[in-house]
Amino acid sequence: MKKEDKKSTVLVVDDDDNILKAMIRILGNEGFEVYAATDGRKALEMTARRKYDLMFLDLMMPGFSGLDVLVFMQAARPDMPIVVISALSDSATKNEALRLGAREYLSKPFGPKQIAEVANRILCPAPDESESTKTTE
């Protein structure tokens, strides 16, 4: 992320305090402005008050599940990319999350490098190389 750019905002939604703290640190070190919600209801309240550039969303949470939040957010904020993070690594769960609109799906445990790479790829995309390699006829 370029220093002169406005900081992109990221909302991390997970009921595991250790994961929240780690992701806040990782994403903060990448230059993002990071916010946290410990459950789906809090995430919905926060997104009603503020627009975020990216959401990392756990699936298994008390109350509103991550899939519930994903469905709601696709209706309310379809332009906000959502990356699902989950201990569920079966293909049916992954396919369902992607079908419902998740941009990407990361299975837990994941490393700091994976989180940083996904956030940067979505929020700070490289210029389209295909444009620079096109030739005119």
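Predicted model: local features only at pLDDT ≥ 70, side-chain atom pairs only at ≥ 80, totals over all residues.

Reader: Which elements have the lowest and the highest mean pLDDT?

Author: Helix α6, residues 129-133, has the lowest mean at 43, while strand β1, residues 9-13, has the highest at 98. Over residues 129-137 the pLDDT is below 50, and that stretch has zero contacts in the model beyond near neighbours in sequence.

Reader: OK, on to the sheet. What's the strand order?

Author: The order is β2-β1-β3-β4-β5, five strands in an open sheet with parallel pairing. β2 (33-37) and β5 (104-107) each have a single partner strand, so one side of each has no neighbour in the sheet. From one strand to the next, the twist averages 20°.

Reader: How many bridges hold β3 and β4 together?

Author: Four bridges, in the parallel sense, between β3 (residues 54-58) and β4 (residues 82-86). Leu-57, for instance, has Val-84 in β4 as its bridge partner.

Reader: And which strands does α3 lie across?

Author: α3 lies across β3 and β4, and runs at about 155° to β3.

Reader: Switching to helix pairs. How do α2 and α3 cross?

Author: The axes of α2 (residues 40-49) and α3 (residues 66-76) come within 9 Å and cross at roughly 15°. An angle under 35 degrees counts as roughly parallel, so that is what α2 and α3 are to each other. Their crossing is right-handed.

Reader: Which residues make that contact?

Author: From α2 you have Gly-40, Leu-44 and Thr-47, and from α3 there are Val-69, Phe-72 and Met-73. By class, the α2 contact with α3 has four nonpolar residues, two polar and no charged ones.

Reader: What about α1 and α5, what angle do they pack at?

Author: About 55°, with the axes of α1 (residues 17-29) and α5 10 Å apart. α1 and α5 are therefore oblique to each other. α1 passes α5 in a right-handed crossing.

Reader: Who's touching whom there?

Author: On the α1 side, Met-23, Ile-26 and Leu-27 make the contact, and on the α5 side Pro-112, Ile-115, Ala-116 and Ala-119 do. The residues of this α1 contact with α5 divide into seven nonpolar, no polar and no charged.

Reader: Where does Pro-109 sit?

Author: Pro-109 is in the loop between β5 and α5 (112-123).

Definitions and conventions: Residues numbered from 1 in each chain as written. Heavy atoms only, no water. Axes fitted to C-alpha atoms, helices over the stretch in contact; angles between N-to-C directions. Helix = DSSP H or I, 4+ residues; strand = E, 2+ residues; numbered from the N terminus. Parallel < 35°, antiparallel > 145°, perpendicular 65-115°, else oblique. Left-handed = near helix turned anticlockwise from the far one by under 90°. Contact = heavy atoms within 4.5 Å. Nonpolar A, V, L, I, M, F, W, Y, C, P; charged D, E, K, R; others polar. pLDDT = per-residue confidence, 0-100. Pairing = 2+ DSSP bridges.
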